[in-house]
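Please read them alongside the coordinates.

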Amino acid sequence: MHVFADQTNLDAYVSGFLWILKLTGASTFFALVLGVLLAAFRVSPVPVLRGLGTAWVNIFRNTPLTLIIFFCYFGLFSTLGLSLSDDLNLNNYWLGVVGLSVYTAAFVCEAVRSGINTVPAGQAEAARAVGLTFFQTLRIVILPQAGRAVVAPLGSVLIALCKNATIVGTIGLIEASSVMKDLINSNGDAVIPIFLVFAGTFAALLIPTGYFFGWLANRLAVKR
Amino acid sequence: MTTGEPLIVLDSVNKWFGPLHVLDDVSLAVDKGEVVVVIGPSGSGKSTLCRTINRLEPISSGSITFDGQPLPAEGKALAKLRSEVGMVFQSFNLFAHKTILENVTLGPVKVRKEKAASARERGLALLDRVGIANQADKFPAQLSGGQQQRVAIARALAMQPKAMLFDEPTSALDPEMVGEVLDVMTSLAREGMTMVVVTHEMGFARHAANRVIFMADGQLVEDAPPAEFFANPRSERARDFLSKILTH
């Protein structure tokens, strides 16, 4: 493993995965907030909000992420002049977070909506009968139960998000997959070991994540 | 126990589910303190009738007033009205992710903004009253059906409602648990709670009701004191219904 014995290469490897983690962290936060909001829109009694939620899901779920990330860079930044930071790397990072968040929010929304559908209609009726408003019913009775039902599927969405973060490399952020490409280009004799190290690192991050969400889903499950 | 002051008034209420006419020109007044039992064959509209009173089912035409006010169509006003009308469902519908005590205190705390400590104290007293204070920290799925339904009654009572609606409260229970729920309902009736009860429990109708309403095909067919209704049903449909359920 002479490639990773070189301090510069090792630093690049660490920094690549740090970008992946930062992209995943920020995008998870925004995608969850936005996704839950969109799910609330999709089940609300207001037709305009329902339409908005449906349109969002249909547009972003059916557009390749690469196109969305390209649009964030070439559309939002280059053409429309939306600059999110004066630092070039940070600007690319935040543009990437925007793209990953709006895309992943569509999947979070659908996961949460399917979770809402697992909550028996009687729960909402009982909540309304006690005198809770629509939003109280959603916040206090429906979403906590739906949330527990969607822990496992949300885990899958977040794992996909972490891997999708590599696409931000296409707009110039030197994240893990870009580092791997650079290392392979300059170390033609060690292509397979380099690949295995990067793939192995992703697996080492994500396999425990998957088990964690599975454990959490069991622990939080609502007994009926 | 009736006072002669109407609390719930339905006037020419109609309701369609698509082409199905589930409530056909129903008019009914329930006085304060009165216990009205609604019976009738499946699909006669009795559950729908019960659910229109707190607007879980909106009506197609006619009017419903509660305590002198027309039912609000939506929003905060409707939520406030619902908080004044207790409802008990066939399938209990306890909040599955909340403990028994939390089920009972949720309404007072979130809707009435009551302090947690006093809501808890009243909640425990209500649970004690329905005989399940020792289960306060369990979750609904850990209780039997009869216990769950008694919690549901306590949850409704915690809002200090002006009236209680019961939508087939014992239909989903094992036979040996029906009695414990009816006992609680009977004691409520004795204390003067205004109640509309949809049920197949003829015994309860006989001893606890002030009036029995018989419904068929969405129409209110008979409205009489229980003794009179069971001894002398006036309509052919009521006679037919009673002959089917009382011969076994």
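How many residues does the contact take from chain B, and how many from chain A?

1. The contact (heavy atoms within 4.5 Å) takes 24 residues from chain B and 20 residues from chain A. This is a predicted model, in which local features need pLDDT of at least 70 and side-chain atom pairs count only at pLDDT 80 or more, while totals for chains, interfaces and linings use all residues. Residues are numbered from 1 along each chain as its sequence is written, and side-chain values use heavy atoms, with hydrogens and water left out.

2. About 1800 Å² is buried between chain B and chain A, and carbon and sulfur atoms give 63% of this area. Buried area is the accessible area (1.4 Å probe) that two parts lose on being put together, summed over both. Of the area that chain B buries against chain A, 30% comes from B:F95, B:A96 and B:H97, more than from any other three residues.

3. One salt bridge is counted between chain B and chain A. The side chains of A:E125 and B:R51 form a salt bridge at 2.6 Å, N to O; the criterion is a side-chain nitrogen of Lys or Arg within 4 Å of a carboxyl oxygen of Asp or Glu.

4. On the side of chain B that touches chain A, α2(B) gives the most, with four residues. Helices here are DSSP runs (H or I, at least four residues).

How values were computed
Chains are lettered from A and ligands numbered from 1 in the order in which they are written. Helices (H or I, at least four residues) and strands (E, at least two) are DSSP runs, numbered from the N terminus.
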